[in-house]
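Have the structure open while you read.

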Amino acid sequence: MKIHEYQGKQIFQRYGLPIPKGIPCMTVDEVEKAAKKLIDETGNPVVVVKAQIHAGGRGKGGGVKVVKGGPAEAKKIASQILGMQLVTHQTGPAGQKVRRLYVEQGLDIARELYLGLVVDREKRRIALMASTEGGVEIEKVAEESPEKILTEHIDPAIGLGGFQARKLAFGLGIGKGAPKPKETIAEFVQVVTKLATMFEKEDCSLCEINPLVVTKDGHIIALDAKINFDDNAEGRHKEWAELMDKDEEDPVELEAKTTGLNYVSLDGDIGCLVNGAGLAMATMDIIQHAGGAPANFLDVGGGATKDQVTKAFKMILSSSKVKGIFVNIFGGIMKCDVIAEGVVAATKELGLKVPLVVRLEGTNVELGKEILRNSGLKIQAADNMLDGAKKIVAAVKAA
Amino acid sequence: MSVLVGKDTKVVIQGITGGAGSFHAAQCIAYGTQIVAGCTPNRGGETFEATGPGGKKVGVPVFDTVAESVKQTGADTSCIFVPALGAADSILEAIDAGIKLIVCITEGIPVVDMIRVRRVLETSNSRLIGPNCPGIITPGACKLGIMPGHIHLPGKYGVVSRSGTLTYEAVGQLTALGMGQSTCIGIGGDPVGGMDFIDCLKLYNDDPNTEGVIMIGEIGGNAEERAAAWIKANMKKPVAGFIAGTTAPPGKRMGHAGAIISGGKGTATDKIRALVAAGVKVAPSPAEMGTTLQSMLKG
């Protein structure tokens, strides 16, 4: 699950991580008030108006503006950003509508660094990465100059060691140019140590501060906050529900999630309903292999009830872009009769206006096939998944 | 012959009294797996009733702890059907009780929990399969998990996979071709877990009864690429492969927690390229996994 920068910074604040003073705003009037408050409190006339969307690259896309002309100018800039379709390299060509803003105090920046924590799947550890190349895309740095990225792996038995934090601090030359280098280094050590604790306690899957700045007077401050949560940990984080921004989520994907299904929207016109994520991905692949285009990824999982299958099938039936449906089931935990009953129930309720191909195999397969046969619905049976893919692609082309 | 599990494997089912645990324990017992104990805290003293192959009645004693299960029954293998937020602790309990092979079916374990489990595993004598996996089966001898037993056929070919249902596809295809399976291992769909492709391929490589392997991967991480390097340097038997997710969009979690293309890394294309370079024949579609392995045996 993704959250906004301002929400990430609120979490940072709870852990004592240094952030600029900032105020989230939903209207341009709020921006004007916020700018005035920040200017008065800090004595610095500079504020930054930032679009709040989940995707990165907001600055380059024109969603982050430094304002030197006071609250009135901040309001004017805000009116340009609020409501805009912000296009970045991470949003896709349509971009994302900006509905929330964050107004922050301006800082006197001496250096911009990169700090990130991620799950290293190969080492099976949380990796803490730091680089002197702050403010740029880290993937680019990793590709072009990987020696500029310092990495420390966190041993879960000890947490982030003080010696590891110091390795990073001296490796980055944190104290260089600072008025009191020892103190700046100490601040950095505090920051990475707290960040490592936060990552684990908050069940993050990713945490990036890009840039982490060193100010001219030698303070370490997180200028950005990008936090992704591990969806698997939702059950022990009731507070995440409030942080979710529905406007950033695909509504069908969200509905599926609340029903307990895994659903991802794609661009094609052949809807899929499958049990098992690997088989669901393979079903998308084989539809393309057969000359068609999948409309979605949908894994009903092994424990799905008839109701969940019914809801899942309705989701596909309700989609206007779907011109044909392929149900591909190899039942292990999932029983073929449960699938069959769900398909029949959903179809009887909504009606079937597009071709439907069903391939059943595995647990209770004969019972499942019988339910479909007796339903009276126009369903094409497939012997295996290639046969099924070919049949649905042909049926959609013929329609 | 087989790898890891066989007729002598003695199993304790952790979570035997729950919905999933009870259903699948009954199915495994019916298949002929030696389930010698069940474990659910506070249900110790109960008996789990089931029916073995040929209609034989089986009564499995239930204990409060894995340690007690092992002490009373000599169980050496465990299969975990415990809900996600308690499952990591169940794995740790099994390690602590001296269980040699732990199979964790549970999906949804938080990744930081698994990172801790992994740390403990590294200095233990236990092996972990999973989590978020269908389990392991040596056809005709021991079914330990949720796979449909009836599609399997005892034989000489191994199947190792990150996906449960794609494993069934491969098995279905192999059985239809008369190519029985030695042992099928589901390593699971999570980003951090137990045995990976290399660990399983090593076992198949050393197993006199296994003559070829199907390896099924998917997007996310670099386990397949690392396996490819190992195969090139070490594997003495033919490996056919399939990678799911050629059509998966970047940045989206495709069901499995580990199936996500991040920062351009972990694409199906990259994995296929690495496997092909290592001499693995990659099936062009999921319907051709069996025939692809078959073609490697003839030529």
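**Notes on the predicted model**

1. Let me start with a loop in chain B: Asn132(B) sits in the stretch between S7 and S8 of that chain. Bear in mind throughout that this is a predicted model. Asn132(B) has a positive phi, near 55°, and is not a glycine. Is Asn132(B) buried or exposed? Asn132(B) counts as buried because 29 other C-beta atoms lie within 10 Å, and the cut-off for that class is 20 or more.

2. Pro211(A) is not in a loop but in strand S10 (residues 204–215) of chain A.

3. Another asparagine to check is Asn42(B), in the loop between strand S2 (35–39) and S3 of chain B. Asn42(B) has a phi near 80°, again positive in a residue other than glycine. Asn42(B) counts as exposed because it has 9 C-beta neighbours inside 10 Å, where 12 or fewer is the limit.

4. Now the sheet in chain B. Seven strands form an open sheet with mixed pairing, in the order S3-S4-S2-S1-S5-S6-S7. Strand S3 (47–51) and strand S7 (127–129) of chain B are the edges; each has a single partner strand, so one side of each lacks a neighbour in the sheet. On average, neighbouring strands here are turned by 25° against each other, ignoring direction.

5. Which residue in S7(B) is the bridge partner of Ile102(B)? That partner is Leu128(B). Helix H3 (residues 84–96) of chain B lies across strand S1 (11–14), strand S5 (77–80), S6 and S7 of chain B, and runs at about 170° to S6(B).

6. Over to chain A, which comes to 13 helices and 18 strands. Its C-alpha trace spans about 80 × 50 × 40 Å along the principal axes, and 49% of its 399 residues count as buried. Among chain A contacts with a separation of 6 or more, 68% involve residues 24 or more positions apart. The division is into domain 1 (1–20 + 108–248), domain 2 (21–106) and domain 3 (250–398). The C-alpha centres of domain 1 and domain 3 of chain A are 42 Å apart.

7. On confidence, chain A averages a pLDDT of 93, and 100% of the residues score at least 70. The lowest part of chain A is helix H4 (residues 138–144), at a mean of 84, while strand S11 (residues 220–222) of chain A is highest, at 98.

8. Strand S6 (residues 100–105) of chain A deserves a point of its own. With 5 of its 6 residues buried, S6(A) is largely enclosed by the rest of the structure. Strand S1 (residues 22–25) of chain A pairs with S6(A) in the antiparallel sense over 4 bridges, with Ile23(A) bridging to Val103(A). Strand S2 (residues 47–52) of chain A is also antiparallel to S6(A), over 6 bridges, and there Lys50(A) stands opposite Tyr102(A).

9. The contact between the chains takes 49 residues from chain A and 49 residues from chain B. On the chain A side, the largest share comes from H9(A), with 11 residues. By class, that side has 20 nonpolar, 16 polar and 13 charged residues.

10. Finally, look at Gly276(A), in the loop between strand S14 (270–274) and helix H9 (277–289) of chain A. Gly276(A) is buried, with 33 other C-beta atoms within 10 Å. Which residues does Gly276(A) touch, leaving out those up to four places away in sequence? They are Asp299(A), Ser163(B), Gly164(B), Thr165(B) and Leu166(B).

Technical notes. Residues are numbered from 1 along each chain as its sequence is written. Chains are lettered from A and ligands numbered from 1 in the order in which they are written. This is a predicted model: local features need pLDDT of at least 70, side-chain atom pairs count only at pLDDT 80 or more; totals for chains, interfaces and linings use all residues. Helices (H or I, at least four residues) and strands (E, at least two) are DSSP runs, numbered from the N terminus. Two residues are in contact if their C-beta atoms, placed from the backbone, lie within 7 Å. Two strands pair if DSSP finds at least two bridges between them. Axes are lines fitted to C-alpha atoms, for helices over the stretch in contact, and angles run from 0 to 180 degrees between N-to-C directions. Ala, Val, Leu, Ile, Met, Phe, Trp, Tyr, Cys and Pro count as nonpolar, Asp, Glu, Lys and Arg as charged, and the others, Gly among them, as polar. pLDDT is the predictor's confidence in each residue, from 0 to 100. Domain bounds come from an automatic or database domain assignment.
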